[in-house]
Amino acid sequence: MVTVEVCIGSACYVRGSNHVVSDLKELIKEEHWEEKVALKGSFCMKACQNHIGLGVKINGRQIAGVTMQNAREILKEEISKALA
Ligand code: FES
């Protein structure tokens with residue numbers, strides 16, 4: 001099981017982390033990952049303070065450079081790698 005955590009802290013929320021959650025839900029459906037990928041919300045994981053983009057972790061590893069615009073593309077690739 002691959003665990004994806006998306007920060008729902010205020011700094012990430014205003015930058016669109018709720019849209020990232022919606023994109024991820026769609027992606028999981030499209031790719032039929034329902035049994036393989038667990039999506040979770042998380043409090044601030046300090047991505048905002050470190051200026052590395054929205055707070056997203058895959059299996060506990062922080063993914064840098066995620067924005068509302070590129071989330072789907074980056075996370076599709078990163079989750080595919082984690083599942084491989
Ligand atoms: S609010 Fe999301 S990492 Fe800080």
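A residue is called buried if 20 or more other C-beta atoms lie within 10 Å of its own C-beta atom, exposed if 12 or fewer do, and partly exposed in between, with C-beta atoms placed from the backbone. By this rule Glu 73, which has 12 other C-beta atoms within 10 Å, is exposed.

## Basis of the report

The structure is a predicted model, in which local features need pLDDT of at least 70 and side-chain atom pairs count only at pLDDT 80 or more, while totals for chains, interfaces and linings use all residues. Residues are numbered from 1 along each chain as its sequence is written.

Helices (H or I, at least four residues) and strands (E, at least two) are DSSP runs, numbered from the N terminus.

## The packing of two helices

Two packed helices are described by the angle between their axes and the distance between the axes. Axes are lines fitted to C-alpha atoms, for helices over the stretch in contact, and angles run from 0 to 180 degrees between N-to-C directions. Helix α2 (residues 17–30) packs with helix α3 (residues 71–83) at an angle of about 50°, and their axes are 10 Å apart. The angle therefore makes α2 oblique to α3; angles under 35 degrees count as roughly parallel, over 145 as roughly antiparallel, 65 to 115 as roughly perpendicular and the rest as oblique.

Residues are in contact if their C-beta atoms, placed from the backbone, lie within 7 Å. On the α2 side the contact is formed by Val 20, Asp 23, Leu 24 and Leu 27, and these meet Ala 71, Arg 72, Leu 75 and Lys 76 in α3. The residues of this contact divide into 5 nonpolar, no polar and 3 charged. In this division Ala, Val, Leu, Ile, Met, Phe, Trp, Tyr, Cys and Pro count as nonpolar, Asp, Glu, Lys and Arg as charged, and the others, Gly among them, as polar.

## The nonpolar core

In soluble globular proteins, nonpolar side chains tend to be buried together. A nonpolar core is a set of buried Ala, Val, Leu, Ile, Met, Phe, Trp, Tyr and Cys residues joined through C-beta atoms within 7 Å. The largest such core has 15 residues, of which Val 6, Val 20, Leu 54 and Val 56 touch the most other members. The elements giving two or more residues to this core are β1 (2–7), α2 and α3.

Not counting residues up to four places away in sequence, Val 20 touches Val 6, Leu 54, Val 56, Met 68 and Ala 71.

## Residues in the loops

The loop between β2 (37–42) and β3 holds His 51, and Gly 53 is found in the loop between β2 and β3 as well. His 51 counts as exposed because it has 7 C-beta neighbours inside 10 Å, whereas Gly 53, with 20, counts as buried. Although His 51 is not a glycine, its phi is positive, at about 55°.

Asn 59 is placed in the loop between β3 (56–58) and β4 (61–62). Its phi is near 50°, a positive value in a residue other than glycine. Leaving out residues up to four places away in sequence, Asn 59 touches Val 2, Thr 3 and Ala 82.

Note on methods: Contact = placed C-beta atoms within 7 Å.
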